[in-house]
Amino acid sequence: MRYRNDVTNGHVSGLVMSGGGARGAYEVGVLSFLLDELPRRLGRPLDFDVVTGTSVGAIHACYVAATGGTTGAGARLVEIWRSLSVEGVYDLKVPDLVGLPLRMLGLGRSPGSEDDGRLTGLLDTRPLEKLVRETIPWNALRRRLDEGAVEAVAVAATEIASGKSVVWVDRPHGSLKGWARDPFVVARETRLAPMHALASAAIPFLFPALRVDGGYYCDGGLRLNTPLSPALRLGADRLLVIGLRHVPTPEEDAMLAAHREGNYPTLTYLTGKVLNALLLDHVDYDVDRLVFMNAILETGIQTYGPEFLTRMNATIEGLRGNPYRVVQHVYLQPSRDLGMIASECVDHRPSGRGLQSWLADSVVRYAVRGVSLEADLLSYLYFDRCFAEHLIDLGRADAEARADELATLFAP
């Protein structure tokens, strides 16, 4: 059997995707460029040896691994996201909507129960679960892994009973020997199925936690403070990381300062900021640490010669199980604030007809209640064509702006 890295000078390419509900449309835009446009520049299909994801990034990781190298894979993913709507993703009922304020305070009935494999949550996401099962070619994922077309796929979730981060790793032709010694991060070999990806994407408090292999799990970004770690431990040394948080310019911060102070007493505003801290900050921290480690290793090589890394790893491998190496990488982040885009889309949201549309509109309006400009909470919940199209266009444009870097990263 011939593996992909046998023909790429021994390099192992990796894709890391974070998540945050509806913000994942930005990843879709990046992926549409990677899967459909970048191969034309490279002169060959773009495939990845290692694919990892957390939250909605876990769903996309399974899709990419299952469809890699196939024509139009990016366009098909775009169409899936364009077809989404709030009423189509959530199972909305009048009693659930009326009880929403009580459930935000920990009172009242929550959708889902232990009887149906779900544990609490403000919203019922069974329609989304059905969509994931039907739109990802799970049989193709199994075949590509078994054939070695993809070396490994890993998705992370948080185990509620223990509080540990669990990394489910599907790697038919390798082992997990030498994985992290962190007692709060556990790697488990598995054959990935829809419930693994869905459990990783279960945003705490908002989406029901899901039962997998006898335990309940929620969003992997809640505890895993090293989202790059699975890809690195699986051998990736050429890494593309897709983040979902915009870094504001000083001018943007100055413009938003007064609005943030005015929004501060609002529960929906604070909930959005807490979710940002829980789900998005970890990726920035890890990329910064990767840059720092690369600088140390490159300085050591320049100062002491090429033997520096070999001699250091002779000791390091015994201590941590994996050698240090310089990792080439590209980190893509949104060039605009996704919460602000969500706010703009709500301002232009047309009034729908029928009970389901009215319920969906009520949920959307509640998510921005008392908030101006930065609708962070809504940006996690707003599965809407307008919002998705804006984020897809932004992701594609941001990836295209760095096409030369991406082509260099994945050049043979």
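Reader: Before anything else, what does "buried" mean here, and what do "exposed" and "partly exposed" mean?
Author: Buried means under 20% relative accessible area, exposed means over 50%, and partly exposed is in between, with a 1.4 Å probe and protein chains only. This is a predicted model, where local features need pLDDT of at least 70 and side-chain atom pairs count only at pLDDT 80 or more, while totals for chains, interfaces and linings use all residues. Residues are numbered from 1 along each chain as its sequence is written, and side-chain values use heavy atoms, with hydrogens and water left out.

Reader: Ok. Is Ser55 buried or exposed?
Author: Ser55 counts as buried because its relative accessible area is 1%.

Reader: And where is Ser55?
Author: Ser55 is in the loop between strand 2 (50-54) and helix 2 (56-67). Helices (H or I, at least four residues) and strands (E, at least two) are DSSP runs, numbered from the N terminus.

Reader: What is the phi of Ser55?
Author: The phi is positive, about 65°, although Ser55 is not a glycine.

Reader: What about Asp213, where does that one sit?
Author: Asp213 sits in the loop between strand 7 (209-212) and strand 8 (215-219). Its phi is also a positive value, near 50°, and Asp213 is not a glycine either. Asp213 counts as exposed because its relative accessibility is 69%.

Reader: New topic. How many salt bridges are there?
Author: The count is 15 salt bridges. A salt bridge is a side-chain nitrogen of Lys or Arg within 4 Å of a carboxyl oxygen of Asp or Glu.

Reader: Which residue does Arg40 pair with?
Author: Arg40 pairs with Glu37, at 2.7 Å from N to O. Both lie in helix 1 (residues 25-42), three residues apart, about one turn of the helix. Arg40 is exposed at 61%, whereas Glu37 is partly exposed at 35%.

Reader: And Glu79, how far is it from Arg82?
Author: The closest N and O atoms of Arg82 and Glu79 are 3.2 Å apart, in a salt bridge. The two are about one helical turn apart because they are three residues apart in helix 3 (residues 73-82).

Reader: Which residue in helix 18 does Arg82 link to?
Author: Arg82 also forms a salt bridge with Glu389, the closest N and O atoms being 3.8 Å apart. That pair links distant parts of the chain, with Glu389 in helix 18 (residues 385-401) and Arg82 in helix 3, 307 residues apart.

Reader: So which residues make up the network?
Author: Glu79, Arg82, Arg385 and Glu389 are linked in a network of salt bridges.
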